[in-house]
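Here's a quick briefing for anyone opening this model for the first time. Have the sequence and the 3D view side by side, and take the topics one by one.

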Number of protein chains: 2
Amino acid sequence: MPLSDLSGRVALGIDIGGTNTKFGVVNHRGQVLEKGSIKTDEYEKVEDFIDALYVEVNPLIAKYGTHKNFDGIGVGMPNGNYYKGTTEHAPNLPWKGVIPFGAMMKAKFGLRCIVTNDANAAALGEMLFGAARGMKDFIMITLGTGVGSGIVTNGSLVYGHDGFAGELGHTIVKPGGRKHWSTGSEGSLEAYASASGIAITAKKMRAEFPQSLLNQYPESEINSKTVYECASKGDPISIEVFRYTGQKLGEALANFVMFSSPEAILLFGGVIKAGDFILKPTKLHMERNLFPIFRDKVKLVFSELDEADAAILGASALVWEKK
Amino acid sequence: MPLSDLSGRVALGIDIGGTNTKFGVVNHRGQVLEKGSIKTDEYEKVEDFIDALYVEVNPLIAKYGTHKNFDGIGVGMPNGNYYKGTTEHAPNLPWKGVIPFGAMMKAKFGLRCIVTNDANAAALGEMLFGAARGMKDFIMITLGTGVGSGIVTNGSLVYGHDGFAGELGHTIVKPGGRKHWSTGSEGSLEAYASASGIAITAKKMRAEFPQSLLNQYPESEINSKTVYECASKGDPISIEVFRYTGQKLGEALANFVMFSSPEAILLFGGVIKAGDFILKPTKLHMERNLFPIFRDKVKLVFSELDEADAAILGASALVWEKK
């Protein structure tokens, strides 16, 4: 590690997911100097989680100087609120209700802590260091266990009046459609286009088509990864699972385009490993649902950043961005 | 008219609709000093339209001083593009293709001319002089012959990368639903929640229910106004027409809220004369489709400005707002 990196100012970026929490020490140039992770779901109490994080992170603070070298901590987390520093009623986190996460972190670490939702952090990472460099208007869609989103218009993240803007995974793409296992809503994008949604679609379809390669796996192993494996082997049912998913996603994206007219939509997260199996139908159904003035204009691209890095980079950038 | 108004700087605001074009001379304080209108649809050629406008407007320019008192012309029009000054492929205008409206106006009037879409202009009018004063995040939905929208986040209109953001009337609320008479899309918000959409719903429903008061009118008189009259008289079929319309509108609004998390949604245009017949079901279905963190937060309100004034005021404000 060159001395210039060690002596410069740094921030800590933290990406909190339902299962894992990843963190990194990041310098001004967007270099992740050091990384680590802990399990999110091992800590029933948020206090215990913060204590465990402190144990892991404090040695890094010591290594990269003292507190005065650390400009602060940026956190991307489900339902994270930029204005209040809270996370509120996040279905995928073990801690229920409204949690003043930023204030708790500040009390523990003695450093300012900026919070936003995980997809916003990833969008910021892409804007500063990834596929959205130089763009002023784009939408980031994260397709993981859930579906998240970060929206940038005119060069700024859209937070909305309460800090919760950009919950596109919960928008309804099929009124009266598939019931969401956690929110109870009917026909949300997340119910179809998340890894969990894809698994549901795959289980339904393999039951209808006994000849599908998907039937070679036990129920517990049906997920977007095994569906991809079967699709790669030419299984038409698995290909249809992604086509159907892409249709629902593309219909949703068309509506998003007609809202904010982005230059690009960035897709991000585990589901995009399916590549063209999902990208092509998504693009087709996005285009065909667009009002003509929007057609053939919007780039639909995969994220360029390593998934964990994007959120860590974006979270750390929060520290430098917030006045 | 006090001398202070006559001596101050003024701008011309123009609101171009498919049928009528309204214009007004507006001062800095948002006072409409003079108003007028011409028919849009009487001019097959845009050149003739601009000539006719010039004949009407020139006396006003003379009355309110000289060109040097006039800061410019602001125009709200369907598919108006803020960046390019064009209107492009607007289905409701008589002039087809891409029209460099701003440049043509400038050539004729010798004044700078800023163009945006009509709903954006109305939203700007509401933000400066109407129900959205002081708000930094709101969405304006215009429910007229068509459904338009203007979106404000963080105090600025959302134009998107190409200037066409905010075409919420064309978002799909029911995939595979009612075919739009002009765009051909299936299940767009405009197909249900515009005055034209309401007339279609009413015609369908009165055919199913011979006892409806709606059957006392000839086909040509079935419109949102007559449906309102029948609903006011207690006709359950007419009440159901608005309930169904409100359901579709409310479902769409829920999706919009999860996009930009506005403080309020302003409804505007002829359809809102139906009052609670449409407002109550809209609110109910918006709330029930919202992800919990958004519930009971978003004000759903009717515009406070006179319909023509809002767009004229907003259009004139474009002149002073644009750098």
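In chain B, helix 8 (residues 236-260) and helix 9 (residues 276-288) have axes that come within 7 Å and cross at roughly 40°. Keep in mind that this is a predicted model.

- The crossing of helix 8 of chain B past helix 9 of chain B is right-handed.
- On the helix 8 side of chain B, the residues making the contact include Ile239(B), Phe242(B), Leu249(B) and Leu253(B).
- Helix 9 of chain B brings residues to the contact too, among them Phe277(B), Ile278(B), Pro281(B) and Met286(B).
- Sorted by class, the residues where helix 8 of chain B touches helix 9 of chain B come to 10 nonpolar, six polar and four charged.

**The helix pair in chain A**

- Over in chain A, the axes of helix 8 (residues 236-260) and helix 9 (residues 276-288) come within 7 Å, crossing at roughly 40°.
- Helix 8 of chain A and helix 9 of chain A are therefore oblique to each other.
- Helix 8 of chain A makes a right-handed crossing with helix 9 of chain A.
- Among the residues making this contact are Arg243(A), Gly246(A), Gly250(A) and Ala254(A) from helix 8 of chain A, with Lys280(A), Thr282(A), Leu284(A) and His285(A) from helix 9 of chain A.
- The class count for helix 8 of chain A against helix 9 of chain A is 10 nonpolar, six polar and four charged residues.

**A five-stranded sheet in chain A**

- Chain A has an open sheet of five strands in the order 3-2-1-4-7, and its pairing is mixed.
- At the edges sit strand 3 (32-39) and strand 7 (113-116) of chain A, each pairing on one side only.
- Ignoring direction, neighbouring strands in this sheet are turned by 15° against each other on average.
- Seven bridges link strand 2 (residues 20-27) of chain A to strand 3 of chain A in the antiparallel sense.

- Strand 9 (residues 147-153) of chain B is mostly covered, with seven of its seven residues buried.
- Both of its faces are covered: Val147(B), Ser149(B), Ile151(B) and Thr153(B) are buried on one side, and Gly148(B), Gly150(B) and Val152(B) on the other.
- Strand 8 (residues 138-143) of chain B runs antiparallel to strand 9 of chain B, and six bridges join them.
- In that pairing, Ile141(B) stands opposite Ser149(B).
- Strand 8 and strand 9 of chain B make a hairpin, with three residues between them.
- Strand 9 of chain B also runs antiparallel to strand 10 (residues 156-157) of chain B, joined by two bridges.
- Here Val152(B) has Leu157(B) in strand 10 of chain B as its bridge partner.
- Strand 9 and strand 10 of chain B form a hairpin with two residues between them, and Asn154(B) in the turn has a positive phi of about 50°.

**Where the two chains touch**

- The contact takes in 40 residues from chain B and 39 residues from chain A.
- On the chain B side, strand 9 and helix 8 of chain B are the elements giving two or more residues.
- Helix 8 of chain B supplies the largest share of that side, six residues.
- By class, that side of chain B has 15 nonpolar, 16 polar and nine charged residues.

**A loop residue in chain B**

- Where is Ser182(B)? Look in the loop between strand 10 and helix 5 (189-193) of chain B.
- Ser182(B) and Glu221(B) are 39 residues apart along the chain, and 21 Å separates their C-alpha atoms.

Terms used
Residues numbered from 1 in each chain as written. Chains lettered and ligands numbered in written order. Predicted model: local features only at pLDDT ≥ 70, side-chain atom pairs only at ≥ 80, totals over all residues. Buried ≥ 20, exposed ≤ 12 C-beta atoms within 10 Å, placed from the backbone. Helix = DSSP H or I, 4+ residues; strand = E, 2+ residues; numbered from the N terminus. Pairing = 2+ DSSP bridges. Axes fitted to C-alpha atoms, helices over the stretch in contact; angles between N-to-C directions. Left-handed = near helix turned anticlockwise from the far one by under 90°. Contact = placed C-beta atoms within 7 Å. Nonpolar A, V, L, I, M, F, W, Y, C, P; charged D, E, K, R; others polar. Parallel < 35°, antiparallel > 145°, perpendicular 65-115°, else oblique.
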